[in-house]
Amino acid sequence: MSHARHLPQPIAPPRTLLLAPPRPGRRTIRPLDQPERAAERWLAADSRAPEKMTKPERTRDDADATEPEREAKKKRNSLGEELEVDTPLLRTIASLLVPHHGWFLLRFSVEGPYDQDASSSVTEANGARVEEMTKEEEEEEDLSSFTPKSPIRKPYIPDELSDPTVYPEIHAAFEDAQAKYIEKLCRRTALFTSKYRRKEARSCLFNHEHLHPIREAAKRAVLHAAKSVIRLSSSVEGEPLTNCCGLWIDWDRESKTGTILTTAHLIRSKHPVEDHWIGRDEYDIKANVTVHLRDGTTAEGHYLYHQEHYDLAFFKVRVDEQVQFPYFNGNVHCGQDVFRLGRDQSMDLRITHGRVEYWNPASVERYHYMYFLHEQDDYLCDDDGGPVIDLEGKVVGLINNHLSASFVPSSILEKCVGLWTKFGCIPRLHLGMRFDSMRLLDPINVEKMWRMHNIEDGLIVEEVSKDSHAEKRGICFGDIIECFNGKRISTTIELENMLLVRCKDHFDQGNKLNAKINVSIQVFHPEERLRRTINLNVEVSDHGEIITKGTYPITSTEETSATVQSSQNVAGKFKMSCCLLSWNLLVAVSPRVLQL
């Protein structure tokens with residue numbers, strides 16, 4: 001007798017029995033959503049009288065069936081009759097049923113030794129067989145729900161029957177057939193896939209030969225980015241306001257709500273002057289906004305927030321299906337090939353090719369824009385608020401049509417969206433000044449400033465707001481701002497990014513809007529040839545910055561004479577500075593001048 005201990009056998013995992021959905025002439029449960037209902041049907045079938053459980057009568061279909069089909073049906077019926085299960089066991093089986101894609105899975109455990117390799121091979125074979133059966137049944141279901149259409153054939157009359165006086169019935173039948181043919185043809189040509197429904201190619205990717213080298217890459221980029229582009233329209237008291245485009249930037253799965261980023265021009269009700277720095281634009285946050293979805297339906301857009309300085313607006317809309325989000329690329333440079341995307345009133349995509357341009361803005365424009373340079377014959381639709389994309393389909397800017405084809409670069413967009421998402425607003429520091437970038441000037445001017453003042457980088461002050469802290473600290477038109485908070489700033493877009501980052505730090509510290517913070521700037525005064533560091537106390541606001549013109553009223557002749565005298569003193573100082581500058585230049589050019 002052996003005293004060796006028996007090692008425990010591996011425990012068998014739960015087995016799975018697949019119960020197929022019913023077929024004609026087969027006793028089985030129906031693919032219900034609840035196993036209890038399936039068990040009720042089995043119990044009802046078991047309680048029937050024995051004579052009611054006999055085989056079904058031979059029908060006309062049985063007579064038409066082939067011999068193998070009759071044999072298979074006979075085996076199925078006999079298998080169903082041999083399946084005798086008492087009621088308690090049936091209830092237990094029903095509790096183990098799990099619905100699975102129209103089938104029922106019966107999960108149970110088997111005691112005793114378990115051969116894992118053999119079980120896995122059987123499971124794989126069963127899985128392959130189940131998958132094959134599922135595909136076959138899906139194909140059968142598709143075929144059963146599809147009714148093939150009759151082919152489109154154009155009727156005609158043979159030459160030997162062409163005489164209508166001899167064969168009037170043939171010609172009457174031809175007219176009826178011709179009418180049916182035209183009707184059927186019109187139905188097919190009305191489909192969006194018909195070439196008769198396709199619009200003439202207005203896309204630059206189709207008819208511009210100079211885009212051949214980038215055409216394929218551009219097509220892929222456009223088709224990818226277009227999935228996130230939608231169209232919006234607004235109205236006030238039934239009167240149309242404007243049409244814009246927008247981008248999906250968020251979608252909540254639980255509430256089925258999407259968030260849209262677009263331009264604030266969508267709800268701008270008044271735009272009396274072109275100068276943005278005056279701040280006379282008005283926005284109607286109660287305007288009716290309609291979102292035109294990609295499937296041709298519309299939904300109501302609900303206002304969330306708008307920021308007047310950057311002309312951005314956010315809306316939410318109910319949308320059941322998940323939306324496509326764009327990818328942003330903050331690295332954009334002059335001369336880069338880009339495309340503007342928009343949608344017309346038919347929701348058709350509009351594409352315009354151009355190149356990025358960056359120049360100093362006009363005096364009436366904000367200075368956070370870049371520009372879209374395109375061919376004059378290219379068609380621009382109502383794409384205000386739509387994206388500017390690169391050849392990878394990434395968004396490099398949001399279109400903001402003003403006086404020129406301007407757009408807000410993505411480096412600013414991403415920070416604005418991040419601030420609004422986190423804090424519910426887009427704060428900005430109001431410096432009270434307007435600038436031009438030295439880097440964007442003509443090289444002749446840049447070289448002259450370097451030669452005269454040893455400066456080749458910075459922001460030139462173009463205007464100072466009246467009674468601002470900058471004016472009180474002595475900053476004037478023509479001064480050069482070299483550094484902000486110890487960092488050199490070359491362009492106004494760099495400045496805007498720096499201001500947004502400073503506002504984020506301000507809010508992260510628990511501070512709020514309309515507070516005052518200090519900004520350190522390094523200023524070069526060209527008239528005095530003097531550099532100095534100034535601490536400006538500026539406001540944190542999410543309103544559009546206003547630059548007030550430096551004016552004053554004349555009420556008496558004394559003020560006029562005093563003003564003239566002051567102007568003469570300034571002019572005298574300026575002439576003296578010019579004379580000294582000319583003398584220095586002469587000395588530098590010819591040392592012999594000193595001997596004269």
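Predicted model: local features only at pLDDT ≥ 70, side-chain atom pairs only at ≥ 80, totals over all residues.

Student: Why is Ile-170 called partly exposed?

Tutor: Its relative accessible area is 35%. Buried means under 20% and exposed means over 50%, so Ile-170, at 35%, is partly exposed. As for its place, Ile-170 lies in helix α6, residues 168-189.

Student: What makes Val-166, Tyr-167 and Ile-170 a patch?

Tutor: These residues form a nonpolar patch on the surface, and together they have about 240 Å² of accessible area. A patch takes residues with over 30% relative accessible area; Ile-170 has 35%, so Ile-170 passes that cut-off. Nonpolar side chains are joined within 5 Å.

Student: How do you know that the disulfide count is zero?

Tutor: A disulfide is a covalent bond between the sulfur atoms of two cysteines. The rule asks for a pair of cysteine sulfur atoms within 2.5 Å, and by this rule the count comes to zero.

Student: Why are Cys-186 and Cys-476 called partly exposed?

Tutor: Cys-186 has a relative accessible area of 46%, and Cys-476 has 43%.

Student: What makes Asn-454 stand out in its backbone?

Tutor: Asn-454 has a positive phi of about 60 degrees although it is not a glycine. Asn-454 sits in the loop between α10 (443-453) and β20 (459-464). With a relative accessible area of 57%, against a cut-off of over 50%, Asn-454 is therefore exposed.

Student: And where is Asp-467, and why does it count as exposed?

Tutor: Asp-467 is in the loop between β20 and α11 (469-472). Its relative accessibility is 54%, which is over 50%, so Asp-467 counts as exposed. Asp-467 is another residue other than glycine with a positive phi, near 65 degrees.

Student: Why is Lys-516 called exposed?

Tutor: Lys-516 has a relative accessible area of 53%, and exposed means over 50%, so the label holds. Lys-516 is found in strand β23, residues 516-525. From Lys-516 to Ser-541 there are 25 residues in sequence and 9.5 Å in space, C-alpha to C-alpha.

Student: What is found in a search of the whole structure for cavities of 30 Å³ or more?

Tutor: The search finds one such cavity. The largest cavity holds about 30 Å³ of space. Its lining includes His-224, Ser-228, Phe-325, Tyr-327 and Gly-393.

Technical notes. Residues numbered from 1 in each chain as written. Heavy atoms only, no water. Patch = residues over 30% accessible without salt bridge, like charges linked within 9 Å, V, L, I, M, F, W, Y side chains within 5 Å. Areas by Shrake-Rupley, 256 points an atom, 1.4 Å probe, with all protein chains shown as cover. Salt bridge = Lys/Arg side-chain N within 4 Å of Asp/Glu carboxyl O. Helix = DSSP H or I, 4+ residues; strand = E, 2+ residues; numbered from the N terminus. Buried < 20%, exposed > 50% of the residue type's maximum accessible area, 1.4 Å probe, protein only. 1 Å grid on protein atoms, 1.4 Å probe; cavity = no way out; pocket = protein on both sides within 12 Å on 5 of 7 lines; lining within 4 Å. Points joined across faces, edges and corners; volume = space filled by probe spheres on them.
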